Amino acid sequence: MTSYPDSYYASSLDREKKYYPNLKDNYNCDICVVGGGFSGLSTAIEAAKKGLKVILLEQNIIGWGASGRNGGQIWNDVSWGIEVIEKKYGIDHAKQLWNISQSAVELIDQRIAEFEIKCDKKNGGINAATSVAKLKEYEKNCEYKLKTFNYDKLEVLDKLQTEKEIGSSVYYGGILDKGAGHLHPLKYVLGLLEAAEYLNVKIFENSCVNKINQLISHCEVLTPTGSVKAKKIAVCCNAYIKGLNLGIESRIMPCATYIVCTEPLNTGLQGAILKNDYCVSDTNFDLNYYRLSQSKRMLFGGVVGYSLRNVERLKKRTKIQLDKVFPSLKSLKVEYIWGGYIALTVNRVPDIGMLNDKIFYAHGFSGHGVALTGIAGKILAESMVTEKTKELEAFEKVKHKKFPGGRLFRMPLLVTISAMQRMMDIFNV
Ligand SMILES: Cc1cc2nc3c(=O)[nH]c(=O)nc-3n(C[C@H](O)[C@H](O)[C@H](O)COP(=O)(O)OP(=O)(O)OC[C@H]3O[C@@H](n4cnc5c(N)ncnc54)[C@H](O)[C@@H]3O)c2cc1C
C-alpha cells in the first residue's frame, strides 16, 4: 500500500485516512478525473455538485502528490506577475486573471466553511525583499495593484517593521498581504476528499491511468486492471504526469523543492519569530518560503533541485538557508525533511485548457497552486458541464511554449539558468 512521504503533515493528521479500492472492473460515468490532488478533487467536487456521475482515479493515494506536501502558502496572482500579463495581453485580460486569482483565494475559505474542513488556516503573508532594488519593485507593484485592481490589502513594511514581524534582520523590507494566508495542506486535501465522497464521487486509489483513448461518442480511460468509459475527462496530474502522450507534457518542467521541519520553538523564540503567524516568501530565485506550524515548528522550504534523490545533501542545504535567515534557530533539531515536484511552465502561468470537446486539463501551477488549483477545477467543471467559460478562455489566451530540449534535455537547461540566477542573487544584482 502506498503511503505519504514521512512529513510533518503525515505525522500531524488528526484522523485516520480512509483508503479506497483499486479500479478492477469496467465503469461508466459522465466525468472521469485523473489525479487526486487539489485540482482533481476540486474538479470532481464541482462536477458532482452539478449532478454528474464522477469517477476519480489516483495512481497512489489521494493527496500523495504536491497537494499533500506543499508549504501551504496561499497567495493570489500568478507566478509571472499580473503586471507582465497586462504588458503582454492588455488590461482587460490582466483584470480577468486577477479576479480569478482573487476568487481562488476566497474559494478556500468558502470550502473550509461549506465542508467544515479543519486545516489550521491562518491569515496574512509577507513577501520579503532580499535587496533594495527588490523592495522598490515590491513598492511599485503595491501601488499598481491598488490603482489597477483597487486591491487594498497590501501594506509596505520598512526594514525595521519587517525585522519585527519576521524576527530576522536579513531583509530590506517587505509587503504584508492581509489577503494571503496558510494552511495544513494534507488536512485540507483530506477535507476535500471527504467532501467529494459526500457528493457521491466514486474514488479509486492505486489506479494509474496508462492510456486514454478518444472515441467518437466518449473516452476510454485505461488502468492495468480496469477501465472507465466517460463522456469527458479532466487530466489533473500536474508535475507527476508521465507517459499519457497527450501532447501537453512538454509544456511543463517538473522541479523538486524541499521543506525542513524543526522541533517546536520554545516559548521565548515563539514571541520573537513570526509573532503574528504570517507566512513568508522571499525574493531569492530559489525562493525561501516558510511559516510556523500549528504546533510552532518552523516549516522552511526553499532549495530547488531537479530530483528527489540526495536527501541528506538537500537537508543540509535547506538547513543552511534556514540558519542564514534565522541564526537563532541554529541549534534546533530538524525532525522532518521531504520534497515534492512542482510543475513550472515557461511563463509561470498555469496551463489550463481543453484539447478538444472531451479532454480537459489543468497543470503548470509553477509553485503557486494552493489557491489556483481550486479555481482551476471549478473552471474545468463548469466548462465541461455547460460550455467553455470566459475564465477558461482567459487561460487559453495565454500561450504556452514547450520547454526546449525535449524530456531528456529540459532539465540540464533549467539547471544552467538557475545557477546563473543564483549567482545574481548572491551578488544582489
Ligand atoms: C514541496 C512543495 C512546496 C510547495 N509549496 C507551495 C506553497 O506554499 N504555495 C503554493 O501555492 N504552492 C506550493 N506548491 C505547489 C502546489 O503544491 C501545487 O501547485 C499543487 O498542489 C498542484 O496540485 P495538483 O492537484 O495539480 O497536483 P498534485 O497534487 O501533484 O496531484 C497530481 C496527482 O496526480 C496523480 N497522477 C499523476 N499521473 C497519474 C496517472 N497517470 N493516473 C492516476 N493518477 C495520476 C499523482 O499521483 C498526484 O497525486 C508546492 C509544491 C511542493 C512540491
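**Helix packing, domains and nonpolar core**

Helix 3 and helix 4 cross in a right-handed sense, as computed from a model that is predicted. In general, a pair of packed helices is described by the angle between the two axes together with the distance separating those axes. For helix 3 (residues 82–89) and helix 4 (residues 91–114), the packing angle is about 150°, and the axes are 7 Å apart. On the side of helix 3, the contact is formed by I82, I85, E86 and Y89, which meet I91, H93, A94, L97 and W98 of helix 4. By residue class, this contact of helix 3 with helix 4 comprises seven nonpolar residues, one polar residue and one charged residue.

At the level of the whole chain, the assignment divides the protein into domain 1 (8–69 + 187–251 + 347–398) and domain 2 (122–182 + 253–344 + 407–429). The C-alpha centres of domain 1 and domain 2 are separated by 29 Å, and the contact involves 14 residues from domain 1 and 13 residues from domain 2. The side of domain 1 that touches domain 2 is made up of five nonpolar, seven polar and two charged residues.

In soluble globular proteins, nonpolar side chains tend to be buried together. In the present model, the largest nonpolar core holds 124 residues, of which I31, C32, V34, A44, V54, A196 and A234 touch the most other members. Helix 10 (residues 369–385) supplies the largest share of this core, with nine residues, while domain 1 and domain 2 each contribute at least three residues to this core.

N245, located in the loop between strand 10 (226–235) and strand 11 (253–264), has a phi near 50°, a positive value in a residue other than glycine. N245 is classed as exposed because 9 other C-beta atoms lie within 10 Å, where the cut-off for exposure is 12 or fewer. R348, in the loop between strand 15 (334–344) and strand 16 (351–354), likewise has a positive phi in a residue other than glycine, here near 65°. With 16 other C-beta atoms within 10 Å, R348 is partly exposed.

Definitions and conventions
Residues are numbered from 1 along each chain as its sequence is written. This is a predicted model: local features need pLDDT of at least 70, side-chain atom pairs count only at pLDDT 80 or more; totals for chains, interfaces and linings use all residues. A nonpolar core is a set of buried Ala, Val, Leu, Ile, Met, Phe, Trp, Tyr and Cys residues joined through C-beta atoms within 7 Å. A residue is buried if 20 or more other C-beta atoms lie within 10 Å of its own, exposed if 12 or fewer, and partly exposed in between; C-beta atoms are placed from the backbone. Helices (H or I, at least four residues) and strands (E, at least two) are DSSP runs, numbered from the N terminus. Domain bounds come from an automatic or database domain assignment. Axes are lines fitted to C-alpha atoms, for helices over the stretch in contact, and angles run from 0 to 180 degrees between N-to-C directions. A crossing is left-handed if the near helix is turned anticlockwise from the far one by less than a right angle, and right-handed if clockwise. Two residues are in contact if their C-beta atoms, placed from the backbone, lie within 7 Å. Ala, Val, Leu, Ile, Met, Phe, Trp, Tyr, Cys and Pro count as nonpolar, Asp, Glu, Lys and Arg as charged, and the others, Gly among them, as polar.
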